[in-house]
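Let's take a walk through a protein model together. Have the sequence and the 3D view ready, and we'll stop at a few places along the way.

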Amino acid sequence: HTSAWRQVLSTWPKKLYSILLYSTSRVNFSQRENTRLCQTSNMAAAWFRLARQSSHFSVVFRAFSVSASHQASRTPVGFIGLGNMGGPMAKHLIDNGHPVIVHDVYPEAMVSLQDAGAVKASTPAEVASKADRIITMLPSSPHVQEVYCGEQGILSKVKAGSLLIDSSTIDPAVSKEMAEVAAKKGGVYMDAPVSGGIKAAAAATLTFMVGGRQEEFEAAKELLQFMGKNVVYCGDVGSGQAVKICNNMLLAIEMIGTSETMNLGMRLGLDPKLLASVINMSTGRCWASDTYNPVPGVMEGVPSSNNYQGGFGTALMTKDLGLAQNAATATKSPTPLGSLAHQIYRILCNKGYPLKDFSSVFHYLSEEEKK
């Protein structure tokens, strides 16, 4: 069949489609609507017939329209997990013309998206039955395992060839486990955790760290680009998670350092806005000081100026630091500051801060000094 395949490929309209061939014994079409589009061309129809008749190839169609918005308007996208991060992300997909099917364990989280045009699904399985591109944004590893592998999970109804993108921050080992289970069901799982926080989620300027099969990266990027400004391929499944937990360990350390610094300066009689402005034009500048300052009143539109509501919860940061420490133990990597940061955030959780934004470490430190 080699010459026939080459003849078809040589005349295929490359500007319209990217076609990925895998040498296995099954034939899957991840986007069913391609059938109708393919039949508009005689050569395309020949390709379609040849693919069905061959016993030596598996064909996975990933359609890339010349116009991304045109492609978006045809194929539904599932989105599961509509919290502080997932909600705005799903809204950007809707705003860019994607039909979106949403699910969240809290029905109220779906209301605003339904008002914007999303379709509500009662279970992850229902999402999987209606969409072959699904994004999940969940709190932790157990939540991911339940949403994918539970009785009403995605994999109970997943279509062969479906693209499954998990943007949760979880243990890299769990990402690898999910990829293996998904592959047995004919799905393609990729991990794509994010950085940037709620402001970046709202502004569609997130950074995505993607792990998975490199040949599927462009298909994932086609969706993720509507929600972020940076979509970076990091390697095999689990690599995105590895990058994320390293990033979050550093983020926690710099947030504690910024909080200690601001608290000390204020105790020395300095105006916090003045101190922050000088730091941000000096060598101490960092994201925690110039974008997400932990001192109330220094910046507008950040959790510290809203009683530490919203944002990235202390409990979630504690979870991520735990993942980093597990990885450090497994790889015998010394992380003394990472370990101390983990202990500090565990204390915050026990002191009543678990649902507060992780920048509330400033409030904890400043209040402790008053005791």
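Predicted model: local features only at pLDDT ≥ 70, side-chain atom pairs only at ≥ 80, totals over all residues.

Start with helix α15, which covers residues 314–331, and helix α16, which covers residues 336–350. Their axes lie 9 Å apart, and the two helices pack at an angle of about 150 degrees. Angles over 145 degrees count as roughly antiparallel, so that's the label for α15 and α16. The contact involves residues from both helices: α15 brings, among them, Met-317, Leu-321 and Gln-325, while α16 brings residues including His-342, Tyr-345 and Arg-346. Sort the residues of this contact by type and you get 7 nonpolar, 7 polar and 1 charged. As for handedness, the crossing of α15 and α16 is left-handed.

Now hop over to Asn-248, which sits in helix α12 (residues 239–267). Is Asn-248 buried or exposed? It's buried, because its relative accessible area is 4%, and the cut-off for buried is under 20%. Which residues does Asn-248 touch, leaving aside neighbours within four places in sequence? They are Phe-312, Met-317, Asp-320 and Leu-321. You've already met Met-317 and Leu-321 in the contact of α15 with α16. Asn-248 and Met-317 are 69 residues apart in sequence, yet their C-alpha atoms are 7.6 Å apart in space.

Last stop: the strands. Strand β7 (residues 163–166) pairs with β8 in the parallel sense, over 4 bridges. Within that pairing, Asp-166 stands opposite Asp-191 of β8. Strand β8 itself, residues 188–191, is covered on both faces. Val-188 and Met-190 are buried on one side, and Tyr-189 and Asp-191 are buried on the other.

Technical notes
Residues numbered from 1 in each chain as written. Heavy atoms only, no water. Axes fitted to C-alpha atoms, helices over the stretch in contact; angles between N-to-C directions. Parallel < 35°, antiparallel > 145°, perpendicular 65-115°, else oblique. Left-handed = near helix turned anticlockwise from the far one by under 90°. Contact = heavy atoms within 4.5 Å. Nonpolar A, V, L, I, M, F, W, Y, C, P; charged D, E, K, R; others polar. Buried < 20%, exposed > 50% of the residue type's maximum accessible area, 1.4 Å probe, protein only. Pairing = 2+ DSSP bridges.
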